[in-house]
Amino acid sequence: MRAAAFTDLIGPEGVSLVDRPDPKPGPGEAVVDVDACGINRHDLFILEGDSAMVDADDLPFVTGLDAAGVVGEVGADVRGIEPGDRVVLCPNQTCGTCRFCREGPENTCERFSLYHGGLAESARVQADRLIPLPDGVDTTTAAAIPTAYMTAFHMLRRAEVGPGDLVFVPGATGGVGVATVQLATVFGAETIGTSSSAAKLERVRELGLDHGIESAAIDEIREEVEAIGRPDAVINHLGGEFTGLGQSVLRRGGTMAICGRTAGNESTIDISNLFLGHKRVVGSTMGTQDDLRRLVELVADGDVAPEIDRTYALEDADAAFAAMQDRESVGKIVVEP
Ligand SMILES: NC(=O)c1ccc[n+]([C@@H]2O[C@H](COP(=O)([O-])OP(=O)(O)OC[C@H]3O[C@@H](n4cnc5c(N)ncnc54)[C@H](OP(=O)(O)O)[C@@H]3O)[C@@H](O)[C@H]2O)c1
Ligand SMILES: [Zn+2]
């Protein structure tokens, strides 16, 4: 089978097509014929040599968390999943035994890790991480859901976003950003989002964004947000100086959930503003498999339509990563092996 592998951690030029033996499922495993696999900034960080998870010793490395397709074969002891089932993978990997796994939610597992391997024609996965797809959810759409929508959903829930809340989403045009705007809208909230691109912001307005701010300048964004109102929640996947910004514009008692560091790993927080304002800042990673099951239902019911900017063939996976690096796309980028 063919796979798109990282053979050099130098950016999109480091992606090559490789041949690999066809995988066979072990006990508890399934092999999925991958129709589609969403890519994420997480993969791009790896490809740029900016991830602690993968280094030169791991090359060639096949990434791809969000695989969807048709089950080809199952191993011994697999129940509930059969060859021919259309499925999407929950890429969470947990130990199942630590105290966080026992208490839940599962994404707090102290040995939490992620599945990689979906950018290939076949993927060998844990069968109990597969979610069957209802009729009406095609595999390309399904491949857009897991990482971005689970992460956004989980952060909105951690920030207790509800009807009438004002939610601020710095960087509202990418995978997590668009997912947050769409899901906050489903939750009945009003949204403010930013982008450096007027054209991309316009598309997100069509997807439900209430207030778009076309700027990358922190002070300008601060002024515009405050003119709209003080957000009840900030959903922050950019990190960097957007963190101090998000904390300062929050309303009294509001919550900022953080899942990423695209704009940097450090920020300055106004500590007195934090404690005098009774604000909460929470870290959040991925979501639970049940979050993904609910999201697949929301998509099947027509409540959310995952936004896919473009699909790419497996041999064009390098171009898919280049589009992400160049900030060309709105929503998700999906590769179709
Ligand atoms: N902890 C977790 O479980 C988890 C899960 C998913 C994602 N994440 C993290 O969340 C972040 C978003 O992931 P994603 O897959 O949604 O990425 P993505 O699709 O590439 O996000 C694109 C968005 O980021 C903005 N952006 C890109 N580079 C920027 C920069 N240097 N400064 C400011 N804004 C920038 C873009 O703004 P423009 O519109 O201006 O181009 C766009 O709105 C990543 O850091 C990722 O690692 C974490
Ligand atoms: Zn655990």
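Select residues 11-335. This stretch is 30% helix and 24% strand, and its end C-alpha atoms are 17 Å apart. In UniProt, an unreviewed entry lists residues 11-335 as "domain: Enoyl reductase (ER)". Positions follow the numbering used here, feature names are shortened, and such annotations may be inferred rather than shown by experiment.

Two notes before moving on. This is a predicted model: local features need pLDDT of at least 70, side-chain atom pairs count only at pLDDT 80 or more, and totals for chains, interfaces and linings use all residues. Residues are numbered from 1 along each chain as its sequence is written, while chains are lettered from A and ligands numbered from 1 in the order in which they are written.

**Whole chain**

The C-alpha trace spans about 55 × 40 × 35 Å along its principal axes. Buried residues make up 48% of the 337 (buried: 20 or more other C-beta atoms within 10 Å of its own, C-beta atoms being placed from the backbone).

**Two domains**

Colour 2-144 + 307-336 as domain 1 and 149-283 as domain 2. The bounds come from an automatic or database domain assignment. Their C-alpha centres lie 27 Å apart. Where they touch, 6 residues come from domain 1 and 8 residues from domain 2 (contact: C-beta atoms, placed from the backbone, within 7 Å).

**Ligand 1**

Next, select ligand 1 and its shell of 28 residues (near: C-beta atom, placed from the backbone, within 6 Å). Arg 41, Gly 174, Gly 175, Ser 196 and Gly 260 come nearest. Domain 1 and domain 2 each give at least three residues to the shell. Now highlight helix 1 (41-47), helix 4 (146-158) and helix 5 (175-186): each supplies at least two shell residues.

**Helix 8**

Which residues of helix 8 are buried? Select 241-249 and look for Phe 242, Thr 243, Leu 245, Gly 246, Gln 247, Ser 248 and Val 249. With 7 of its 9 residues buried, helix 8 is largely enclosed by the rest of the structure.

Definitions and conventions: Contact = placed C-beta atoms within 7 Å. Helix = DSSP H or I, 4+ residues; strand = E, 2+ residues; numbered from the N terminus. Buried ≥ 20, exposed ≤ 12 C-beta atoms within 10 Å, placed from the backbone.
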